[in-house]
Amino acid sequence: MNPYRAPIPEMQFVMTELAGLERVAALPGFEDATPDTVAVILEEAAKFAAEVLDPLNRVGDREGARLAGDGSVTTPTGFKDAYRQFCELGWNGLAKNPHFGGQGMPQLVAAAVDEMWNATNMAFELCPMLTAGAVEAIERNGSDVIKGRFLPKMVAGEWTGTMNLTEPQAGSDLAAVRTRAVPQGDGSYRLYGNKIFITYGEHDYTDNIIHLVLARTPDAPPGTKGISLFVVPKFLVNEEGSVGARNDVRCVSLEHKLGIHASPTAVLAFGDEGGAVGHLVGEENRGLEYMFVMMNQARFGVGMQGVGIADRAYQLASDYAQERVQGRAVGVAKDAPTGGIVGHPDVRRMLMTMRSCAEAGRALGYVTAAALDHAHHHPDPDTRKRELKFAELMIPIVKGWGTEVAQRVAYLGVQVHGGMGFIEETGAAQYARDARITTIYEGTTGIQANDLVGRKIVRDEGVALTAAIAQVRDTARALADGRDAALAAIGARLRAGADAFEDAGRFVLGNFRQDPRTVLAGAVPLLELAGTVFGGAQLARAAAIAASKLAAGQGDAGFMRAKIATARHFADHVLTLAPGLRDTVVVGGASVLALADEEV
Ligand SMILES: Cc1cc2nc3c(=O)[nH]c(=O)nc-3n(C[C@H](O)[C@H](O)[C@H](O)COP(=O)(O)OP(=O)(O)OC[C@H]3O[C@@H](n4cnc5c(N)ncnc54)[C@H](O)[C@@H]3O)c2cc1C
């Protein structure tokens, strides 16, 4: 397998031209994100990803994490050392608050760096990703005492964080959480219950693990309004910050999984020996609300897992297709040297689809990251509000569509390899297996689609959606009205996509309140339509910018031509699906609901 090559020119193009790095760097607090600094960060991250994380990916897959009889967990060979290096080099704190020891880089920069970790070793990246989620939950809602006690070590990576939501009866439906939290009268609580599927719930990277746990207090109202959030450290932390006694939380089992074998997925038992000491985060009964704020971040992070894995699967397939020889491609002169399978039109089709989908996912992800930066740092409150609305609309799409697409890309990667794709040696199969979880955790695709319909479109009465579609229309118009034939073709497809999306959005808004079942039957097709149109719009923007740079003789001409060709491929092979998706959303609900539950 060829080593990972971070697509730095492509990343920089998307960051600068599509996501507006310059405007992000002008926001208060981001003064250090100069083009030079960002270039160095990307180069250094690329080196760490290629030299340290990429070679460990297969090792992690083969060895997996192992549980010993005493409840301790050993990560695969090399992972602990890689984690130590990762923290020593400061990667854990890249985008975290300088007040707690972070470097305060924009989310946009972190998104590109995270893509590299995900491309090379998603199972490794899960640990810093979950820690980041826990840090955010504490930082936003915790008391100053809790922040001071836990955040500096978590930002440095000396302690890691976990998110404990899921229980056997409470997966997508967190209202069903049963873990109990009993107040002790001294401000602390004792927790009792079992959590399942907890990523990095136990490991050997660090001495302490800080679990964020959803639980119910004794008098809590039923349902979602009765859930609170607690910090439950593996080892208790004294007031002055020193580590004390072992807490009553133990790993009782590790799951055997389809992929991400190096990431320990733990069953945790709280309170088997008298109660696990927990500290309340924020106020009682507001845990789910806090978690949802944090979940935006985590869902975005999983979307970036999709981008990383799609790009790596594409690189692998592209390299293989150059080298593997199978007959002469049709139309190639008999006396010309026989090239790789890349010459066969269908192999090219697969590669171009992989490439264009990976690039669309990246562009959507980075543009959303920049919107989050504006939403949190812009001095003008109206701008902050507008950017937040846009980002919130995009997050279920980045997560839901981005990961569905990543899976298709990884599957195509197996197909490009032929029989060798099915054989573990090439690595293509591992990407397909690892990608499989991304559409499930942090809310399945169905849950993302419900979020898009219910919270982001209907509750908002279509305001954010209408504004976003108007932007797509502006892009389409600019391309379709120009004289460049390729751009005009992209613009026409994009306009048809915007029409389809607008029709589907109108159907959702017009029917949700009186017939939510029929509308939700088309929620995932609507999510697919959204990703197709918004992803296509970003590639179309890229094509227009590339064309103007080509005309002005700026930049690498080959790169610019490739941007146009990639956008055209997406327009002709993916955006063409938009009208069909619209029809499914509008008329497809009837067949979904035609049979009784017991007949399906
Ligand atoms: C490897 C791995 C790591 C994980 N890491 C963590 C972690 O660190 N912390 C944590 O708390 N959890 C974690 N999880 C749990 C994960 O978040 C849940 O598995 C996920 O939310 C789905 O819940 P479930 O498995 O109970 O599936 P279910 O909720 O039972 O869903 C089954 C099916 O029903 C559908 N469905 C359910 N409800 C609805 C609805 N309202 N509308 C439409 N469709 C619906 C789903 O889309 C899905 O297709 C992890 C899981 C795995 C496998």
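Tyrosine 366 touches Met11, Val14, Met15, Ala19, Leu108, Ala111, Ala112, Glu115 and Met304, leaving aside residues up to four places away in sequence. The model in which these contacts are found is a predicted one. Tyr366 also belongs to the largest nonpolar core, a set of 182 residues in which Met116, Trp117, Tyr366 and Phe534 have the most contacts. To this core helix 5, which spans residues 107-141, gives the most, with 20 residues. Apart from it there is a second, separate core of 18 residues, which includes Ala181, Leu191, Leu268 and Phe270. In soluble globular proteins, nonpolar side chains tend to be buried together.

Phenylalanine 422 counts as exposed because its relative accessible area is 71%, where the cut-off for exposed is over 50%.

The cysteines remain to be considered. A disulfide is a covalent bond between the sulfur atoms of two cysteines. How many disulfides does the count come to? The count comes to 0 disulfides, judged by a cut-off of 2.5 Å between cysteine sulfur atoms. For cysteine 127, the closest cysteine sulfur is that of cysteine 87, and because the two sulfurs are 8.1 Å apart, they are too far from each other for a bond. Cysteine 127 counts as buried, with a relative accessibility of 0%, and cysteine 357, at 9% relative accessibility, counts as buried too.

Terms used. Residues numbered from 1 in each chain as written. Predicted model: local features only at pLDDT ≥ 70, side-chain atom pairs only at ≥ 80, totals over all residues. Heavy atoms only, no water. Core = buried A, V, L, I, M, F, W, Y, C linked by side-chain atoms within 4.5 Å. Buried < 20%, exposed > 50% of the residue type's maximum accessible area, 1.4 Å probe, protein only. Helix = DSSP H or I, 4+ residues; strand = E, 2+ residues; numbered from the N terminus. Contact = heavy atoms within 4.5 Å.
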